[in-house]
Amino acid sequence: MRANQRLKSWLVCIDDTDDIGTKGTGEIAQELAVLLSPEQRLSRCSFVTRHQLFVHPDIPYTSHNSAMCFQVRSLLSEEAIVDIAKEHLMQESAPAADPGFALLDLQADIEHQQLIDFGLQAKKEVKNKPQAYELAQRLGIHLSEHGGTGQGVIGAIAGLGLRLHGNDGRIKGQFKLKGLDQGGVNLSVADVVELTGVDRVLADTGESLCIKTPLLLSGKVKAVYRDHQVSLLVYQQDGVWRNALKQHLKHY
């Protein structure tokens, strides 16, 4: 009981940790989630979301300019979380990277809308480090850089806001379902929810499909973060509901 009283939820975001041919930022984020949950308290919210940021000649990035964010429940103090993250980022980031790290106490009385606004702005305009640090200081959020130019702090704090927004980002990774490697698999929405753990199946037009709706899944089956839910995005073609293609997912 005493341990449960100290258990807290945190939102963690990192950016700009990789380089071409090195371990990706998403993989480093997943490793960090495990390190920050030594009590094995990874929750359903511990999935990593990838948030696309503005692509512009004035913004240095490796390949896509995206930040990686996850929620974690931990008995660790803020100081301990920062120490673990710092060590892991310095150990695993590429030598040419500019890693940034942001940490939000989800129990703290902080105005989330300012973070959300910053995140949404970072998707369509160039932001700079002074702006990122000014926001972090104003809200009392931990923000730190761990190598290179430290430019990753911009994406790190923007990623916090976009995860809080609840309508942005793809879930890292893809689902592995029996039959996919044979060209495709027919399942109902209920089957997909049961087999993958997604919250729902969402049409590209915005409505959630009922549990009996048949689906044809093939290729890469990926989920997005929409309405604060892990959503398998689908589209209809010739009367058949299929999992979203790259052109559908790029909007997330």
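**Exercise 1. How do the axes of helix H4 (residues 112-121) and helix H5 (residues 129-139) cross, and which residues meet?**

Let's go step by step.

- The axes of H4 and H5 come within 10 Å and cross at roughly 170°. Axes here are lines fitted to C-alpha atoms, for helices over the stretch in contact, with angles from 0 to 180 degrees between N-to-C directions. Helices are DSSP runs (H or I, at least four residues), and strands are E runs of at least two, numbered from the N terminus.
- H4 is therefore roughly antiparallel to H5 (the label for angles over 145 degrees).
- From H4, Gln-114, Leu-115 and Phe-118 meet Gln-131, Ala-132, Leu-135, Arg-138 and Leu-139 of H5; contact means heavy atoms within 4.5 Å.

A word on the model: it is predicted, so local features need pLDDT of at least 70 and side-chain atom pairs 80 or more, while totals for chains, interfaces and linings use all residues. Residues are numbered from 1 along each chain as its sequence is written, and side-chain values use heavy atoms, without hydrogens and water.

**Exercise 2. Is Ala-203 buried or exposed, and what is it in contact with?**

- Find Ala-203 in strand E8 (residues 200-203).
- Its relative accessible area is 0%, so Ala-203 is buried (under 20%; exposed is over 50%, partly exposed in between, with a 1.4 Å probe and protein chains only).
- Beyond neighbours within four places in sequence, Ala-203 contacts Leu-209, Leu-233, Val-234 and Trp-241.
- The C-alpha atoms of Ala-203 and Leu-232 are separated by 8.3 Å, though 29 residues apart along the chain.

**Exercise 3. How many helices and strands are in the chain?**

- Count eight helices and 12 strands.
- Of the 252 residues, 49% count as buried.

Note on methods:
Parallel < 35°, antiparallel > 145°, perpendicular 65-115°, else oblique.
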